[in-house]
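Open your viewer and get ready to select a few residues. Each stop tells you what to click and what you will find there.

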Amino acid sequence: MHGLVKYARGKGHMEVRDVPAPTPDDDDVVISVQATGICGSDLHIFEDAIQIPIRVPVIIGHEFSGLVAEVGSHVESFTVGDRVTAMPSVRICGRCRYCRSGSFNLCVNRESMGYFHDGSFAPRCRLPQRCIWPLPDEVSVRAAALTEPAACAVHAVSERTRVRAGDVAVIVGPGTIGLLCLQVALSEGAIAVVVGTSHDSARCRLAVELGATRVIDDEDENAAAVVREMTGGYGADVVFECSGTSAAAALALNLVRKEGSYTQVGLFSHPIQVDLEQVAVKELTFTGSFGQRVSSWRRALSLMASGHLNTEVLVTHEVALSDWEKGFDLFRRRGGIKILLDVNS
């Protein structure tokens with residue numbers, strides 16, 4: 001079979017190669033990949049600008065869904081043909097304070113698919129059965145390819161930030177993660193505002209369709225003034241920075257009210273300068289959100305099955321595996337929202 005391989009460290013060093021098809025160990029499930037999406041982290045892997053451990057050569061890709069193709073001798077919960085998705089945390093130690101508290105996303109020895117173990121940018125991938133989630137009947141395989149980023153949004157909004165009904169929640173950056181955070185915030189009863197730029201016009205239109213109370217183009221409007229007007233002069237109760245840019249982080253700090261909450265969701269891939277004095281002066285709750293936990297996956301799939309979280313509407317393009325560079329460039333230029341790779345073409 002063919003897979004998209006990061007074959008050496010450094011910028012680039014990525015190509016489609018002939019790779020061996022995986023076979024299951026006793027506790028493993030081999031999945032026939034039906035849909036898999038390009039994540040911003042995949043671009044960071046290409047650039048070799050990411051803090052998550054990488055081992056090369058490795059097939060990248062970690063957002064996916066598919067059908068069970070083979071199971072190991074110790075697997076009892078899944079059978080061939082089952083529709084599934086999977087958590088990317090292939091290896092966790094189970095012993096550190098984070099694993100023992102349920103925060104496996106912070107395991108000090110965590111090894112993820114697409115970074116350290118072969119991922120989903122190939123027709124088949126292999127994971128331990130611990131990572132596998134069955135799909136609800138209401139969730140299509142195509143929609144389920146976005147379960148991983150949906151679980152990230154649940155972790156950020158509902159678990160790390162604990163948005164409450166009536167909160168004015170501002171999402172800065174209407175990409176995939178931002179639009180998923182929007183939907184989760186709405187499911188919690190928040191008054192949701194999305195801030196983008198002129199490059200985000202299509203994404204902002206979709207934000208309106210998904211239920212955003214207000215969408216602000218920060219290049220045409222003064223976002224801080226609009227948010228203050230909406231909140232009696234105070235500012236947002238909570239702000240989610242989802243774009244991973246220094247300008248967006250600075251804007252987010254300006255939008256949040258005193259005693260409000262700022263949650264950093266986007267990854268920057270490099271150090272930035274930001275006015276952290278505002279955290280002290282405003283007495284902010286400053287929170288980071290990384291990955292997801294078991295509880296995040298359970299709630300994400302529940303929200304998707306109930307219709308409160310629409311992931312399939314975010315898919316705008318699908319390109320062949322051989323055209324992966326076109327897909328990466330489209331993502332880099334913000335030419336779409338979620339771009340899938342057809343690994344079976």
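Begin by selecting glutamate 70 and arginine 124, whose side chains meet in a salt bridge with N and O 3.2 Å apart. This pair connects distant parts of the chain: glutamate 70 belongs to strand β5 and arginine 124 to strand β9 (residues 124–128), 54 residues apart. Glutamate 70 is partly exposed, at 28% relative accessibility, and arginine 124 is partly exposed too, at 31%. Keep in mind that you are looking at a predicted model.

Next, select lysine 338 and glutamate 63, another salt bridge, at 2.8 Å from N to O. Lysine 338 sits in strand β18 (residues 338–342) and glutamate 63 in strand β5 (residues 63–71), so the pair ties together parts 275 residues apart in sequence. Are these two buried or exposed? Lysine 338 is buried, with a relative accessible area of 2%, and glutamate 63 is buried with 2% as well.

Now click on arginine 9 and aspartate 48: their closest N and O atoms are 2.7 Å apart in a salt bridge. Arginine 9 lies in the loop between β1 and β2, and aspartate 48 in the loop between α1 and β4, so the bridge ties together parts 39 residues apart in sequence.

How many salt bridges does the whole structure hold? A search finds 14.

Zoom in on valine 108, in the loop between α2 (97–100) and β8 (111–112). Valine 108 counts as exposed because its relative accessibility is 57%, and the cut-off for exposed is over 50%.

Terms used: Residues numbered from 1 in each chain as written. Predicted model: local features only at pLDDT ≥ 70, side-chain atom pairs only at ≥ 80, totals over all residues. Heavy atoms only, no water. Helix = DSSP H or I, 4+ residues; strand = E, 2+ residues; numbered from the N terminus. Buried < 20%, exposed > 50% of the residue type's maximum accessible area, 1.4 Å probe, protein only. Salt bridge = Lys/Arg side-chain N within 4 Å of Asp/Glu carboxyl O.
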